[in-house]
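The sequence and the structure are shown first.

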Amino acid sequence: MEEKLFYYLTAVPVLGISAQWLAWRFRLPSILLLLVFGVGLGSICRIDDILSDLTDNRAEHHVGAISDHGHSPEKTDEPTSENESTPRASEPIAEMILFPLVSLSVAIIMFEGGLTLRLRELETAGRTVLQLVTLGAVATFGLGFLSAWLILDLHPRIAALLGGVLVVTGPTVVVPLLRHIRPSRNIGSIIKWEGIVIDPVGAILAVLLFEQLFAGIQHEQTIGGALLALLRTVLIGVGLGWLSAQLLIQLVRRHLVPDFLQGVFFLATALLAFACSNYLQEESGLVTVTLTGVILANQKIISIDHVFHFKENLRVFLISCLFIVLGSRIEVSAMLELGLPGLAFLAALILVVRPVSVFVATLGTTTSWNERIFLAFLAPRGIVAAAVSSVFALKIVTLLSTGEAHAELLADAEKIVPITFLVIFGTVLVYGLGAAPLARKLGLDDSNPQGILFAGADRWICEVALALKEAGFSVMLVDTNYRKVAAARMKGLDAECISILAEQFIEENDFAGIGRLVAATRSDQVNALATNEFAELFGRSNVYQLPVLKTGQRSALGDNVKARTLFEQELNYDQIHDLFDRGWRIKLTRLSNEFTYEQFVEQHGEEHHLFFVVDGSKLQIMESGKKPSPRPGQLLVSLVRGKQTEVGK
């Protein structure tokens with residue numbers, strides 16, 4: 001069994017990262033592939049069965065050892081006591097081992113999610129986010145309860161708890177979908193804030209409902225007690241969250257934590273705060289770690305960039321592994337047993353509950369109708385819903401398993417987990433496949449931006465930018481020289497007078513339609529730093545810089561250049577300026593069957609340099625070392641000798 005567990009644990013990260021890579025390669029929702037891979041792994045082996053067999057083998061070995069030493073108890077016909085009985089099934093064993101790991105992983109994901117939340121995003125989206133996590137959450141709970149009660153015919157108490165659990169959406173599914181869709185900044189901020197903040201709200205709601213509806217079966221619960229628990233949750237979550245953030249800020253500020261330890265130190269502190277918070281008040285830990293992340297993200301005392309990058313990589317790894325593990329635990333047969341009522345419940349959540357909740361929550365806000373429609377059809381459930389539903393289902397079974405007075409509640413409680421997984425699988429499938437086409441239809445999609453951000457606003461860059469703008473692409477220029485920026489603006493270009501490396505510039509710009517960086521300043525060092533900075537935003541494959549000046553056989557920057565090299569290896573900043581001073585200009589040339597690229601090369605000989613190739617809505621940037629092969633119908637943007645000419649020959 002140990003060998004089987006070893007291979008299972010090896011398969012989980014391998015399948016998870018493979019799903020992430022395939023999703024990136026073929027532009028598919030990663031969450032959908034993760035669930036499919038997880039279910040596939042579960043059809044081969046389930047972690048529940050492995051852990052159960054492992055536990056049984058250990059127990060048999062222990063009993064055998066006692067027998068060998070002559071201390072085995074004599075057999076009797078009397079039944080064993082309840083405390084001495086073996087586990088009734090493999091699920092509790094797996095849950096007792098997996099749930100703490102899932103809970104800690106979710107805490108890390110929520111902490112990292114908090115690090116991405118900038119308060120400035122709430123300047124326009126604040127009211128919408130607030131109403132979504134309050135009015136929207138209440139509407140989702142009420143309609144979810146009615147749907148579970150009327151459609152699935154669940155006991156009202158079970159239906160109410162399920163309605164509370166399904167309030168959550170969560171960053172584990174929302175953030176990967178946002179990365180896939182890349183909607184406009186305003187709607188993206190709303191979705192991100194809702195997805196992260198709604199998790200602790202939903203978890204707290206589920207705790208309050210459980211205490212009120214089920215714990216009260218054995219001891220009386222009052223509304224006052226529930227309100228007191230809510231107040232304790234908020235106070236403990238906010239208090240510990242603030243203290244944890246301030247502790248980390250002061251330790252780093254006073255240089256008491258070395259740089260190489262800061263990432264793991266922040267992680268350990270967040271987990272400690274999560275555990276302490278949950279110890280003091282159940283489910284308040286999610287509030288604590290989320291608020292800790294938000295405070296750290298919005299303070300200006302210390303830099304957390306390297307910590308954020310560490311957490312982001314860890315988040316991707318954890319999401320990949322968690323979805324594979326949870327997907328492998330899905331009992332497809334249990335979901336199929338729900339039949340048509342289960343599908344009807346899923347349809348009600350997607351077509352009725354979410355749209356009505358969004359409509360109620362966006363009343364009186366400035367959110368456009370296209371944004372409201374997109375919000376109404378984007379509410380995938382994820383790991384938090386799976387973990388919370390499983391925990392409370394187990395708690396209900398444990399609480400009510402003695403006696404037959406609550407047989408109906410027990411029967412319905414066992415349906416909570418398959419219903420939740422049906423909702424997770426169904427919403428991820430529907431929203432994962434439908435969100436991107438819907439965003440494109442509504443004009444909110446920016447999943448494959450072709451526009452270019454230019455670092456620099458020199459005369460030749462302005463001419464290149466004008467040519468690309470004429471070809472239909474978004475362009476933005478950034479330079480610290482106001483005279484150059486003013487000249488670019490006079491030509492109708494979008495230009496800003498600020499350093500390309502300024503954090504303020506990255507935070508305050510939408511970059512709608514822009515997905516690549518061309519670093520073309522005079523300074524090779526600034527170009528290299530800019531490409532490293534924007535590699536996090538655009539991806540390493542979408543950042544370019546001019547060739548670096550070489551000293552002997554080595555680059556002046558050594559081996560620190562990680563970007564793709566623009567144009568031709570010897571065509572650096574000074575050479576391009578020299579060519580412009582000698583009368584070379586940017587030219588647009590439309591290729592055709594009558595005028596091919598070969599004829600273009602023959603016409604200009606050595607007196608041309610190809611910069612860009614436009615193929616419909618796609619823009620190809622020429623890279624050093626790669627031979628171009630333009631085809632008829634494509635548009636060339638090139639640097640040629642002579643006067644600037646119009647499109648065509």
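Two strands count as paired if DSSP finds at least two bridges between them; helices (H or I, at least four residues) and strands (E, at least two) are DSSP runs, numbered from the N terminus. The model is predicted, so local features need pLDDT of at least 70 and side-chain atom pairs count only at pLDDT 80 or more, while totals for chains, interfaces and linings use all residues. Residues are numbered from 1 along each chain as its sequence is written, and side-chain values use heavy atoms, with hydrogens and water left out.

**Overall composition**

The protein chain holds 25 helices and twelve strands. Of its 649 residues, 52% are buried, where buried means under 20% relative accessible area, exposed over 50%, and partly exposed in between (1.4 Å probe, protein chains only). The chain exposes about 30500 Å², of which carbon and sulfur atoms supply 59%; accessible areas come from the Shrake-Rupley method with a 1.4 Å probe, and for residues only the protein chains shown count as cover. Among contacts (heavy atoms within 4.5 Å) between residues at least 6 apart in sequence, 76% join residues at least 24 apart.

**The antiparallel sheet**

An open sheet is formed by four strands in the order S9-S12-S10-S11, with antiparallel pairing. Strand S9 (585-590) and strand S11 (618-621) are its edges, each pairing on one side only. On average, neighbouring strands of this sheet are turned by 25° against each other, direction ignored. Axes are lines fitted to C-alpha atoms, for helices over the stretch in contact, and angles run from 0 to 180 degrees between N-to-C directions. Helix H20 (residues 459-470) packs on the sheet, where it touches S9, S10, S11 and strand S12 (635-640), and its direction makes about 20° with that of S9. Strand S10 (residues 608-615) is joined to S11 by four bridges, and valine 613 stands opposite glutamine 620 in S11.

All five residues of strand S1 (residues 451-455) are buried. Gly451, Leu453 and Ala455 lie on one side, and Ile452 and Phe454 on the other, so that both faces are covered.

Glycine 451 has isoleucine 514 as its bridge partner in S4, whereas phenylalanine 454 stands opposite leucine 477 in S2.

**Nonpolar surface patch**

Leu135, Leu351, Val352, Val356, Phe359, Val360, Leu363, Trp369, Ile373 and Phe377 form a nonpolar patch on the surface, with about 870 Å² of accessible area together. Patches are made of residues with over 30% relative accessible area and no salt bridge, like charges being joined within 9 Å and nonpolar side chains (Val, Leu, Ile, Met, Phe, Trp, Tyr) within 5 Å; a salt bridge is a side-chain nitrogen of Lys or Arg within 4 Å of a carboxyl oxygen of Asp or Glu. Helix H15 (339-361) supplies the largest share of the patch, five residues. Phenylalanine 377 is found in the loop between H16 and helix H17 (383-400).

**Selected residues**

Glutamine 131, in helix H5 (residues 122-133), is buried, with a relative accessible area of 11%. Beyond residues up to four places away in sequence, glutamine 131 touches Gly136, Val360, Ala361, Thr362, Leu363 and Thr365.
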